[in-house]
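Please look over the model shown here before reading the notes on its fold, its ligand shells and a few of its residues.

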Amino acid sequence: MLKCVRCGACRSVCPVLEEVGWESAGARGRMLVAHGILQGLDVDDGVLESINTCMTCGMCKQMCPAGADPIDVIENTRHKLVMNGNITTALEKLHERINGTGNSLGDVSDRRAWLDKYTGSIKETAEYVYFVGCLGAYRYPESLIAIFDVLSHFDVTILPDEVCCGSPLIRTGFNVDENIAHNADQMRKVGAHTIITSCAGCHNTLTESHSDEFEVVHVSEFLVERLSELELKRLDLTVTYHDACHLGRWRGVFDAPRKVIEAVCDLKEMKTNRENARCCGGGGGVRTGYSDLSLALAKKRLEEVPDGIDYLITSCPLCTKNLIEGGSDTDVIDLVELVRLAME
Ligand code: SF4
Ligand code: SF4
């Protein structure tokens, strides 16, 4: 907190501040609010809104000339608030859903239902595990089938009893030790050395939680090394690519998705891209707690889609969801769905 010299440089990059307009909705303001909480500031709805509307997109951290880490401050402040019982109803429900059902949607149906097509062919042990993620399993089964069709060319399996990686809870201030321990135990049973992810939030959280024991790679990093082993044809398509914050700015995965895309079709960049890409509006629990703000930010991101595009490609189901619900005129599909098209 004390590293912040209040220069205000972060004001020029925070998408939430741009949308909301109040100082308390940007990194500098949130740092002051967090400092105030430590000094005994009463936690009212305005304070909760200031701390909880950060998408953890990382733009401010990336450009802060003083080397401050506003996200670290915000996430630690969220944790302090949660520990003290200062929690919004939306976050309380998210916590209950994940604890009660093992997934962020509170869905009680079978997490592996999308695997019906592969009955009898899922390996019990393998070198690689594809970590499916909650949103994919319950909302985008067709996307998962495309991904698993491609990954089935390699020694890849699925965890027998995967639970939420914990990303939505960690980002909003909760502990998820049980989820982390459960998934690690499942990994050991399968005997895999590497976790493959296709969700930016899962990728970042699994890297934070498991990389001392397992290698964690995004599916684009896995595939870019193996493109020659897939019989890919060239597609007569031009697509654009949305960098997910937790995959791009947080984990530095910028090149692999682009190389995979360029192996099968033409790529035309969005107005802001790579390190400077705007957030889709979905991260940091904002989609859960402040959906109007989240969708307004998705619309802003969609204004950056170039003309003459066949598909808007993402590498994260939460980005997919938010961009679709934000009103995308262009079809939004996962990167590996594009690869699957090139295999037909
Ligand atoms: S967080 Fe960094 S960029 Fe923002 S006001 Fe503080 S010192 Fe300046
Ligand atoms: S992480 Fe993103 S949303 Fe949060 S304060 Fe920084 S720039 Fe704003």
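This is a predicted model: local features need pLDDT of at least 70, side-chain atom pairs count only at pLDDT 80 or more; totals for chains, interfaces and linings use all residues.

Residues are numbered from 1 along each chain as its sequence is written, and chains are lettered from A and ligands numbered from 1 in the order in which they are written.

**Overall fold**

- The protein chain holds 17 helices and eight strands, where helices (H or I, at least four residues) and strands (E, at least two) are DSSP runs numbered from the N terminus.
- The radius of gyration of the protein chain, 20 Å, agrees with the value near 20 Å for a compact globule of 344 residues; it is taken over C-alpha atoms, and the globule rule is 2.2 Å times the number of residues to the power 0.38.
- Along the principal axes, the C-alpha atoms of the protein chain fill a box of roughly 60 × 45 × 30 Å.
- Of the 344 residues in the protein chain, 49% are buried, a label that requires 20 or more other C-beta atoms within 10 Å of a residue's own, with exposed meaning 12 or fewer, partly exposed in between, and C-beta atoms placed from the backbone.

**Nonpolar core**

- The largest nonpolar core has 98 residues, and Val129, Tyr130, Phe131, Ile196, Ile313 and Leu338 have the most contacts inside it; such a core is a set of buried Ala, Val, Leu, Ile, Met, Phe, Trp, Tyr and Cys residues joined through C-beta atoms within 7 Å.
- Helix α8 (residues 141–151) gives the most to this core, with six residues.
- Beyond its neighbours within four places in sequence, Phe131 is in contact (C-beta atoms, placed from the backbone, within 7 Å) with Glu162, Cys165, Ile195, Ile196, Thr197, Cys202 and Leu206.

**Ligand shells**

- Ligand 1 is surrounded by 15 residues, the closest being Cys4, Cys7, Cys10, Arg28 and Cys64, where a residue is near a molecule if its C-beta atom, placed from the backbone, lies within 6 Å of it.
- The largest share of the ligand 1 shell, three residues, comes from α2.
- Ligand 2 is also surrounded by 15 residues, of which Cys14, Ala27, Cys54, Cys57 and Cys60 are the closest.
- Two or more residues of the ligand 2 shell come from each of α2 (27–38), α4 (59–63) and α5 (70–83).

- Helix α11 (residues 200–210) is largely enclosed by the rest of the structure, because eight of its 11 residues are buried.
- The cover over the buried residues of α11 includes β1 (128–131), α10 (177–190) and β3 (194–197).

**Single residues**

- Most residues other than glycine have a negative phi.
- Arg6, in the segment before α1, has a positive phi of about 60 degrees and counts as exposed, with 12 C-beta neighbours inside 10 Å.
- Thr56, in the loop between α3 (45–52) and α4, has a positive phi near 50 degrees and is buried, with 26 other C-beta atoms within 10 Å.

Technical notes. Two residues are in contact if their C-beta atoms, placed from the backbone, lie within 7 Å.
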